[in-house]
Amino acid sequence: MEEKKLAIIATKGSLDWAYPPFILASTAAALGYNTQIFFTFYGLQLLKKKLSLEVTPLGNPGMPMPLGMDKWFPVLGMALPGMQRMMTAMMKQTMKKKGVASIEELRELCIEADVKLIACQMTVDLFDMEASEFIDGVEYAGAAAFFEFAGESDICLYI
Amino acid sequence: MADFDQELDASGLNCPLPILRAKKTLASMESGQVLHIIATDPGSVKDFDAFAKQTGNELLESREEGGKFHFLIKKA
């Protein structure tokens, strides 16, 4: 059986959107896929040594809110100082209670399974980020390098 | 319950952790040995079926008992 390949582009840097790339990559690796994730723009936040990912209820009408908060504080209430931090804390608590892995854990599982993590060099430079901010083992490359792998992939996802 | 060589309790863990833990445990086992997995995630029923099909490890048994899901996987 020839090895399958999965190529993912991770573009988002919030706690909720950090899950799909790491869940799919770690699972694909467990199923025998050769897997790469290309992190660009806000997705670069997922490669930081110290993750400080948050989830925001702002502009997100699909997010379930506890205690009907969205009814009591529609839209503007969601913009109150501290609201994002509180929602993030609640989301993390719920995830822990439901046995959902943390992003740190899923990322570690990806690394253990030899998922290749590639940072987009252009956006690293754009945001004045330093390689020292990122976890070890990250490679730096551009669009052409992505296509070299993605062009031969069986599945290619933009997240 | 048939014989097994190793047991993995993935109770309380959610997708994709039961699969990832099973994969890791299987990696430490010999070909032909059987792993017994216990899970509480209802999604694991379809997931272990798919895992077996895609990895070539044989799913010998998949059943629910007392609110828990039990799987027997034979390492290829």
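Modeller: One definition before we start: the expected span of a helix is 1.5 Å times one less than its number of residues. Also keep in mind that this is a predicted model.

Biologist: Great, then how far does helix 3 of chain A reach from its first C-alpha to its last?
Modeller: Helix 3 of chain A, residues 83-97, reaches 21 Å with its 15 residues, close to the 21 Å expected.

Biologist: And which residue takes a positive phi just after helix 3 of chain A?
Modeller: That's G99(A), with a phi of about 75°.

Biologist: Switching topic: at what angle do the axes of helix 1 and helix 4 of chain A cross?
Modeller: Roughly 35°, and the axes of helix 1 (residues 15-30) and helix 4 (residues 103-112) come within 9 Å. The crossing of these two helices of chain A is left-handed.

Biologist: Which residues meet there?
Modeller: From helix 1 of chain A you have A18(A), F22(A), I23(A), A25(A), S26(A) and A29(A), and they meet I103(A), L106(A), R107(A), L109(A) and C110(A) of helix 4. By class, that contact has 9 nonpolar, 1 polar and 1 charged residues.

Biologist: Nice. Now the two chains: how many residues of chain B are in contact with chain A?
Modeller: 11 residues of chain B, and they touch 11 residues of chain A.

Biologist: Which helices of chain B each supply at least two residues of that side?
Modeller: Helix 1 (17-27) and helix 2 (44-55) of chain B. Helix 1 of chain B gives the largest share, 4 residues.

Biologist: And the classes on that side of chain B?
Modeller: The side of chain B that touches chain A has 6 nonpolar, 4 polar and 1 charged residues.

Technical notes: Residues numbered from 1 in each chain as written. Chains lettered and ligands numbered in written order. Predicted model: local features only at pLDDT ≥ 70, side-chain atom pairs only at ≥ 80, totals over all residues. Contact = placed C-beta atoms within 7 Å. Nonpolar A, V, L, I, M, F, W, Y, C, P; charged D, E, K, R; others polar. Axes fitted to C-alpha atoms, helices over the stretch in contact; angles between N-to-C directions. Left-handed = near helix turned anticlockwise from the far one by under 90°.
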